[in-house]
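Trainee: I would like to learn how to read a few local features from a model. Please take them one at a time.

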Amino acid sequence: MKKIHFIYAALLFAVASLTSCDDPAAPPVLPTTNKEDNLGMGNPSNATVNDNSNYLIVKPQYVLSYNESTQTANWVAWHLSSDWKGTATRQNVFKPDPDLPTNFWHVTTNTYTNTNFDRGHLCPSDDRDGTQADNDATFYLSNIIPQNPTLNRQTWAYLEEYTRTLVSQGNECYIIAGPQGQGGQNGLTGDNAYYGALESGHVRIPEFCWKAILVLPVGQNDLTRVVTNSRLIGVIMPNEKTVNAHAWGYYRVKVRDIETLTGFNFFSKLPQSTQNAIENRIDTGPTQ
């Protein structure tokens, strides 16, 4: 009997020793953020370096498909989490992209001079302020499209700000954005003047700007965590002076509608059933 009591006491001591390492006052372990692959959800147009109208450029900060015929990106894709955020300052140094082939016509800052169109970011400056190098990379002109100032500074910007709000609330996002069509209104004369292109036809002015935002709670192995009720925000906004007649939420559409408009296949690394579920509904979540 004494031997049994001794063994029982030893077992209790062992259990106590294991549990004593845990501090009951310590905070719970929370999921960690990360800098996942910017193209981790798929290549929307199967861009490659062998196609001048669908030319793949992979940067640490974002990935894009560039079109030599329009001299704008077809799309830009990037991942946003708190790991990408910081205190780097915006320098506004717009510059040609050195990763474009030398035989491409290169957009310069002069392209936008006196046009009354803004140099509108696709991957925003404020989404990449973790380091100065990250922030500066958003000013490559391959990441820029001609935007009506009202769209760029108000409706489009408010959606960008809301996306960063989602990140501050404990989420991370996979974002794809791009231009579509040809037209657009300049910021000076608005409805009375439609333009097709800048710089003697080199840079196409889009009629619309679109964006798809996949929202996930912070975590790891993001591709495996997308489920049929994951939040997916899609918008198509006119590149017009009067776009601010409505808040950004008014322009929400099914992401499948953006695919139909552009011919791209978003989130192609997900199972088809998951794509169908999240892409065939219009987001009804909060907008601020």
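Trainee: Which side chain does the side chain of Asp222 join in a polar contact?

Mentor: A polar contact is a pair of N or O atoms within 3.5 Å; within protein, one must be able to donate a hydrogen and the other to accept it, and residues adjacent in sequence count only if both atoms are side-chain atoms. Here the side chain of Asp222 pairs with that of Arg225 at 2.7 Å. Before going on, note that this is a predicted model, in which local features need pLDDT of at least 70 and side-chain atom pairs count only at pLDDT 80 or more, while totals for chains, interfaces and linings use all residues. Residues are numbered from 1 along each chain as its sequence is written, and side-chain values use heavy atoms, with hydrogens and water left out.

Trainee: Where is Asp222 found, and is Asp222 buried or exposed?

Mentor: Helices (H or I, at least four residues) and strands (E, at least two) are DSSP runs, numbered from the N terminus. Asp222 belongs to helix 4, residues 222-225. Buried means under 20% relative accessible area, exposed over 50%, and partly exposed in between (1.4 Å probe, protein chains only). With a relative accessible area of 2%, Asp222 is buried.

Trainee: Which residues is Asp222 in contact with, leaving aside neighbours within four places in sequence?

Mentor: Contact means heavy atoms within 4.5 Å. The partners of Asp222 are Asn34, Glu36, Met41, His79, Glu172, Tyr174 and Leu216. Of these, take Tyr174: 48 residues separate Tyr174 from Asp222 in sequence, and their C-alpha atoms are 9.6 Å apart.

Trainee: What polar contact does the side chain of Asn67 make?

Mentor: The side chain of Asn67 meets the side chain of Ser69 at 2.5 Å. Asn67 sits in strand 2 (residues 63-67) and is buried, at 10% relative accessible area. Not counting residues up to four places away in sequence, Asn67 touches Asn52, Ser53, Thr72 and Asn74.

Trainee: Which residues of helix 5 are buried?

Mentor: They are Val255, Ile258, Glu259 and Thr262. Seen down the axis of helix 5, these residues fall within an arc of 105 degrees, so they line one face of the helix. The arc is that of the directions from the helix axis to the C-beta atoms. Their cover includes strand 6 (171-180), strand 9, strand 10 and helix 6.

Trainee: Which residues are buried in helix 6?

Mentor: In helix 6 (residues 272-279) they are Thr274, Gln275, Ile278 and Glu279. Their arc is 110 degrees, so they too line one face. Strand 9 (208-217), strand 10 (231-238) and helix 5 (255-262) are included in what covers them.

Trainee: At what angle do helix 5 and helix 6 pack?

Mentor: Axes are lines fitted to C-alpha atoms, for helices over the stretch in contact, and angles run from 0 to 180 degrees between N-to-C directions. The angle here is about 100 degrees, with the axes 7 Å apart. Helix 5 and helix 6 are therefore roughly perpendicular; angles under 35 degrees count as roughly parallel, over 145 as roughly antiparallel, 65 to 115 as roughly perpendicular and the rest as oblique. Val255, Arg256 and Glu259 of helix 5 make the contact with Gln272, Gln275, Asn276 and Glu279 of helix 6.

Trainee: What phi does Asn114 have?

Mentor: Most residues other than glycine have a negative phi. Asn114 has a positive phi of about 60 degrees. Asn114 lies in the loop between strand 3 (72-80) and strand 4 (118-121) and counts as exposed, at 76% relative accessibility.
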